[in-house]
2 protein chains.
Amino acid sequence: VDLNLLGKNAKEASYELANLDLAIKNRALFAMAETLLENSALILQENEKDLTKATEHAISEVMMDRLLLDAKRVEAMAKGIQKIATLPDPIGEIIEGWVNADGLVINKKRVPLGVVGIIYESRPNVTSDAASLCFKTGNAVILKGGKEAYHTNLAIAASLQAALEKVDLPKSAVQFIEDNTRESTSALMKLDKYVDVLIPRGGARLIRAIKENSTISTIETGTGICHVYVDEAADFKKAVEIIINAKTQRPSVCNAIEGVVINRKIAREFLPIMEKSFCNNPRVELRADKEAFEILNQAKLASEEDFFTEFLDYILSVKVVENVEEAIRFINTHNTGHSESIITEKLATAEKFLNEIDAAVVYVNASTRFTDGEVFGFGAEIGISTQKLHARGPMGLIELTTTKYVVLGHGEIR
Amino acid sequence: VDLNLLGKNAKEASYELANLDLAIKNRALFAMAETLLENSALILQENEKDLTKATEHAISEVMMDRLLLDAKRVEAMAKGIQKIATLPDPIGEIIEGWVNADGLVINKKRVPLGVVGIIYESRPNVTSDAASLCFKTGNAVILKGGKEAYHTNLAIAASLQAALEKVDLPKSAVQFIEDNTRESTSALMKLDKYVDVLIPRGGARLIRAIKENSTISTIETGTGICHVYVDEAADFKKAVEIIINAKTQRPSVCNAIEGVVINRKIAREFLPIMEKSFCNNPRVELRADKEAFEILNQAKLASEEDFFTEFLDYILSVKVVENVEEAIRFINTHNTGHSESIITEKLATAEKFLNEIDAAVVYVNASTRFTDGEVFGFGAEIGISTQKLHARGPMGLIELTTTKYVVLGHGEIR
């Protein structure tokens with residue numbers, strides 16, 4: 001694969017996309033959805049190839065489910081694209097405007113990023129989600145999917161390109177890297193000549209590789225070591241329900257919690273209640289610090305590393321602290337800047353936690369599972385940023401745009 | 001120098017700064033200004049050391065002037081800090097807020113970035129400018145200045161720290177890396193454990209080194225290959241004045257132009273006028289493409305590389321194009337995404353240029369020299385971003401902040 005040519009074509013396409021009318025963009029999105037449905041049988045056939053290969057490699061049931069497509073899931077992908085078509089277009093908005101002291105008319109206008117690179121892991125619906133979100137915001141996209149979903153992704157990408165050709169738009173607006181190697185992933189990370197922004201969607205190892213190797217501006221997404229802190233003024237019922245929900249409703253996602261932090265004053269009373277409640281739920285292994293270990297019945301003793309680990313599984317670390325100050329210090333040292341929650345009925349403690357925790361989303365008395373673009377009301381989500389530049393927290397359409405100053409003069413010189 | 005310790009201390013300080021009252025921050029800024037003035041003689045004495053060393057290395061007059069401090073320039077630095085104290089504080093602003101479908105009260109709040117690293121070249125006033133801008137926005141800062149200004153920068157940084165101690169604030173809010181080597185610069189680029197954002201201020205080589213080596217989110221600033229395009233419908237008087245201003249008013253800065261692009265239909269008429277006008281100004285060497293070369297009297301023939309070079313000198317490339325479409329294509333291929341200007345009286349051509357040029361600031365009938373935070377009206381400037389993530393164009397206080405979602409629940413689970 002000639003990545004340079006691919007990049008060049010994407011850049012060319014991005015110039016055309018940047019000034020497309022909304023009606024034309026939406027027409028193309030509906031064509032994409034339609035073509036996916038028309039090609040459903042073919043896509044499922046290709047998915048079968050990936051599933052067969054996965055079976056040979058004996059991958060886990062969770063991974064198998066992430067990879068699997070059926071007619072209903074293809075339909076859901078098509079519906080997702082149709083929904084994106086109905087969302088308002090952020091492009092072209094004048095965010096602010098003024099006349100400066102020299103008489104220049106300055107307008108700050110919302111424009112596409114240009115070319116977006118997306119590196120992602122197994123779930124094939126990311127192919128259509130990411131492509132349609134980028135397209136809606138006038139960006140060309142270069143996709144590099146996980147090797148497990150290779151055939152499926154190719155079939156989806158080919159359908160999207162066929163739709164673009166049907167409506168006379170450049171098919172290089174959506175490109176999928178067909179080279180199924182790590183080398184092409186590394187090469188994409190260095191394609192700064194053509195790619196404006198790189199968005200990795202995957203685990204800690206992918207994020208680290210990008211930090212170390214990418215020469216492109218990046219938005220880190222998706223690693224979440226999240227906590228619930230149970231304050232001395234907590235409502236125990238809320239605390240237990242929220243901890244169970246945040247840990248077990250879907251442990252494989254980034255907004256699930258990995259640790260509980262507990263105020264010493266209530267630890268002896270609360271921990272046994274929490275442990276008992278986990279019996280009526282999927283079994284959760286507790287890895288406790290020394291103090292909690294002595295209170296709990298069936299916990300293991302946690303290692304130092306456990307407190308820095310994103311388990312993505314039915315495992316929960318438990319840490320006892322002296323007060324909210326120590327809880328904040330502990331969380332700020334061990335988290336990934338994703339989502340944190342305090343359970344308390346005391347206003348001053350809640351305010352302190354909200355102010356001092358360093359994370360994209362900080363909650364009082366709610367599950368961290370709510371950190372999600374759809375749930376927040378953005379209509380769609382391209383990922384959850386855990387960095388501080390450009391976007392922080394759930395990212396919708398606006399986070400796929402940048403701005404440009406458009407300045408009208410009358411011969412002014414300085 | 002133990003950069004890890006320095007980073008850890010900066011992170012600690014950043015937590016304290018993040019929630020400081022505006023009054024306390026401003027009091028500290030006034031103390032910084034005062035201490036700079038008190039230490040003026042000492043700072044000038046240290047500056048003398050740097051100047052002596054520079055003389056030994058026979059650096060250029062322009063560089064010498066960038067390095068030189070006198071009582072007036074120290075005073076200007078102090079005034080700069082006082083001005084920053086009078087600017088409104090962006091921290092704490094609720095940018096938007098809503099109740100989502102689950103009943104969660106979601107507020108998006110403006111907060112500091114945390115720890116900002118700044119790598120910069122010779123001008124010592126950047127030390128006090130960058131430190132006070134970061135401090136005002138509640139960020140801890142780690143500064144790495146150019147080796148030419150080493151003694152001067154140290155003296156300035158020491159004064160700022162002394163002021164912080166006077167008002168009982170942690171002096172690690174402003175830290176200067178005393179190790180005067182490239183190794184410490186490289187180490188700072190990898191301090192992602194503590195540094196949230198890195199802002200390089202310098203030439204293309206520094207920017208490239210950061211792209212290739214930094215593991216920290218970066219805001220690229222300050223490389224500018226800017227152009228003026230003279231359209232067939234241009235007012236020649238405006239065109240000549242703007243070109244002279246944009247090229248010669250201060251050729252060493254990033255918003256000066258490096259190239260003129262000219263519509264073929266007016267090239268024979270306009271180029272001789274432009275060439276003649278340069279006689280009454282500092283002499284400008286013209287490096288022309290073949291077509292312009294044949295029209296001009298004293299031009300050199302440009303190499304392909306000339307069109308990709310930021311001269312930062314009295315040199316100007318000249319390119320003849322067929323129409324505005326070719327001008328846009330040429331500029332988008334050769335620019336650095338900084339500032340571009342079209343000279344035209346025709347509305348449709350102006351609109352096309354504004355829409356299709358890929359740059360932070362696009363002008364009609366004005367000099368590119370206006371791309372500047374103070375000129376735009378931001379009250380101060382930390383640099384000019386040429387990237388698309390987070391900030392694009394002149395950056396004021398707001399660009400030194402990020403956001404945090406603060407969510408109030410009532411026991412909600414998903």
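These points concern confidence, charge pairs, a surface patch and backbone angles in a predicted model.

1. Basis of the model. This is a prediction in which local features need pLDDT of at least 70 and side-chain atom pairs count only at pLDDT 80 or more, while totals for chains, interfaces and linings use all residues. Residues are numbered from 1 along each chain as its sequence is written, chains are lettered from A and ligands numbered from 1 in the order in which they are written, and side-chain values use heavy atoms, with hydrogens and water left out.

2. Confidence. Chain A has a mean pLDDT of 95, and 100% of its residues reach 70 or more; pLDDT is the predictor's confidence in each residue, on a scale from 0 to 100. The scores for the model are ipTM 0.95 and pTM 0.94.

3. Salt bridge count. Over all chains the count is 53 salt bridges, a salt bridge being a side-chain nitrogen of Lys or Arg within 4 Å of a carboxyl oxygen of Asp or Glu.

4. A bridge between chains. A:K211 pairs with B:D192 in a salt bridge, with 3.6 Å between the closest N and O atoms. The pair joins two chains, because A:K211 belongs to helix α9 of chain A and B:D192 to the loop between α8 (182-189) and β6 (197-201) of chain B. Helices (H or I, at least four residues) and strands (E, at least two) are DSSP runs, numbered from the N terminus. B:D192 has 18% relative accessibility and so counts as buried; buried means under 20% relative accessible area, exposed over 50%, and partly exposed in between (1.4 Å probe, protein chains only).

5. A bridge within chain B. B:D358 and B:K388 form a salt bridge at 3.1 Å, N to O. B:D358 is in the loop between α14 (347-356) and β13 (361-366), and B:K388 in the loop between β14 (383-385) and β15 (393-395), so the contact ties together parts of chain B that are 30 residues apart in sequence. Both B:D358 and B:K388 are buried. The two also belong to a network of salt bridges that links them with A:K11, A:D196 and B:R392.

6. A bridge within chain A. A:E285 and A:R287 meet through their side chains in a salt bridge of 2.7 Å, N to O. A:R287 is buried at 19% relative accessibility, and A:E285 is buried at 16%.

7. A positive patch. A:K53, A:K147, A:R182 and A:R205 make up a positive surface patch. Patch residues have over 30% relative accessible area and no salt bridge, with like charges joined within 9 Å and nonpolar side chains (Val, Leu, Ile, Met, Phe, Trp, Tyr) within 5 Å. A:R205 sits in helix α9 (residues 204-213) of chain A, and its relative accessibility of 67% makes A:R205 exposed.

8. B:V324 is in helix α13 (residues 324-334) of chain B and is buried, at 8% relative accessibility. B:V324 and B:E232 are separated by 92 residues in sequence, with 8.8 Å from C-alpha to C-alpha.

9. Positive phi angles. Most residues other than glycine have a negative phi. B:D168 has a positive phi near 60°; B:D168 lies in the loop between α7 (150-166) and β5 (174-176) of chain B and is exposed at 68% relative accessibility. B:L312, also not a glycine, has a positive phi of about 50°. B:L312 is in the loop between β10 (300-301) and β11 (315-321) of chain B and is partly exposed, with a relative accessible area of 35%.

Key: Areas by Shrake-Rupley, 256 points an atom, 1.4 Å probe, with all protein chains shown as cover. Lys, Arg positive; Asp, Glu negative; His and termini not counted. Charge placed at Lys NZ, Arg CZ, Asp CG, Glu CD.
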